[in-house]
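Dear colleague,

I am passing a structure over to you, and my notes on what was found in it follow below. Please read them alongside the coordinates.

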Amino acid sequence: MKSPIESAGLLLTFSLALLWTLSSPAQSVTPGAQPAALRVLILSGEGENNSRESTVFLRHLLQDSGRFEARVCESPVGLTVQTLASFEMVVDNSIGTSLGKETEKALETFVNSGKGLVVTRGGLDAASTSSAWLKLIKATRTAKAAANVDAPLHLFELKNASPQHPVMSGLKTNWRTADQPQTGLTLLSGTEVLGTNGQNEPLLFASNYGKGRVFITALGHDVGAMQEKAFITTFLRGAEWAGSGKVTLPTEIALPGPSTNGLRVLVITGGHDHETAFYGLFDGYKEFGWVPVSDSTLAFKQDIRSKYDVLVFYDFTRDIDDKAKKNLRDFVESGKGVVVLHHGILSFQKWPWWYEEVVGGLYRLESKGGIPNSTVKFGEEHWITSAGKHPITEGLTPFHVTDETYKGLLISSNNVPLLLTDNATSDRTVAWIGPCTTSKVVFIQLGHDHSPFQHPSYRALVHNSILWTAGKLK
Ligand SMILES: [Zn+2]
């Protein structure tokens, strides 16, 4: 609780669910109608940042489509037929890294046997001219292409050049997109052009080799361009076709959106400063929908029982009016979830129902009746252990974290301790189940800054607490 600030009018309406909190694509095929996931190996460049970043992104796209199970290989040189045998397809995203003759030869055998290969714009960069490779990709780069490498990102129309091909069937005739595609490619015979730019240069093309299939995309210069719907849709459909010979994915696929049937969590902040890294605690969990943020003055102006499943308090609210108190109380008494983190234990100093019957604790700002005020210490080392068996701490091993400590809190004897610390500047119990008889309530003392926010054990604790208070963790 360093330098508390007053921020009565604070309203953070932004939503927290970033890219990968996401569970299902904006459009997805009917569950149950999907065939088994295609196993994909993504070949990434060695040490190239751009390659790593785009590989991570492509892996998410593949996985989140629900159609693929993707693994990454960061050392693509020297792969053998046996290494590739357990995959249905390979995505070459080895930006600037040559795969080497051995891997190229193994890929030729792999595709020839009926498997699939997708080459990304980054994969095209390596520009191998080995005979095995040319047999597969059936394209060479002209001098013009090499000169074009630094063409700027621009808006253009991707033209559907082959509406009868499974990859392009049902796709828009002209698709406006922003990218810096690889142009100036010369295609060899046996290649079908699927998509072009306004100058009729091939940007998407496909071919068969032996019993297998090859799909090549010159789109997707960087992760920004890879977020375009035209890229996502053609990449995923091209990958599905290469891997299986069929396409079941939708004709327009956007970046995955938040889960529409996820847990409805409202985060309450305000009245106390904190790092924005705090909000990252809610990213990356498929069980959550969009996670909005409000402060207690605004949040409890209305009855929120039908809007949210769990409230997460990371605020320092001095007081709220009677109407707001009633709305919060109705929420708690309706059997919803409450998670209080760190300085949230300072709130409602004059509302005993809240700190005695709901949370089971309070940071004492003042000494009273001979009981001294609580104390705080920054930058202390904790060795955290479980206090007993509970679904929230199931599988959690002891962990070491640097965080602020609180000592001398009011702590209800009706709490169920969850976690203990060895640090003497802190109360011994640093997380508990509150005494509330109507809702499930969890308090976690840890959580001052990025140190705990980034710790996997702390993240698991917060995540599990939200699930458990919502009745989703047995
Ligand atoms: Zn703090």
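Does Cys 73 count as buried or exposed, and at what relative accessibility? Cys 73 counts as buried because its relative accessibility is 13%, where buried means under 20% relative accessible area, exposed means over 50%, and partly exposed lies in between (1.4 Å probe, protein chains only). Cys 436 likewise counts as buried, at 13% relative accessibility, and the structure holds zero disulfides, a disulfide being a pair of cysteine sulfur atoms within 2.5 Å.

Please bear in mind that this is a predicted model, in which local features need pLDDT of at least 70 and side-chain atom pairs count only at pLDDT 80 or more, while totals for chains, interfaces and linings use all residues. Residues are numbered from 1 along each chain as its sequence is written, and side-chain values use heavy atoms, with hydrogens and water left out.

For the protein chain as a whole, the secondary structure comes to twelve helices and 22 strands, taken as DSSP runs numbered from the N terminus (helices H or I, at least four residues; strands E, at least two). Of its 474 residues, 54% count as buried, and among contacts (heavy atoms within 4.5 Å) between residues at least 6 apart in sequence, 71% join residues at least 24 apart.

Turning to the sheet, nine strands form an open arrangement with mixed pairing in the order 13-12-14-15-22-21-20-17-18, where two strands pair if DSSP finds at least two bridges between them. Strand 13 (293-294) and strand 18 (399-407) stand at the edges, and because each has a single partner strand, one side of each is left without a neighbour in the sheet.

Helix 9 (residues 322-333) lies across strand 14 (310-313) and strand 15 (337-341), at about 125° to strand 14, whereas helix 12 (residues 456-469) lies across several strands, including strand 12, strand 20 (416-421) and strand 22 (440-444), and runs at about 165° to strand 22.

Finally, the loop between strand 12 and strand 13 contains Tyr 279, which counts as buried at 7% relative accessibility. The C-alpha atoms of Tyr 279 and Phe 453 are separated by 8.8 Å, although these residues are 174 apart along the chain.

Note on methods:
Axes are lines fitted to C-alpha atoms, for helices over the stretch in contact, and angles run from 0 to 180 degrees between N-to-C directions.
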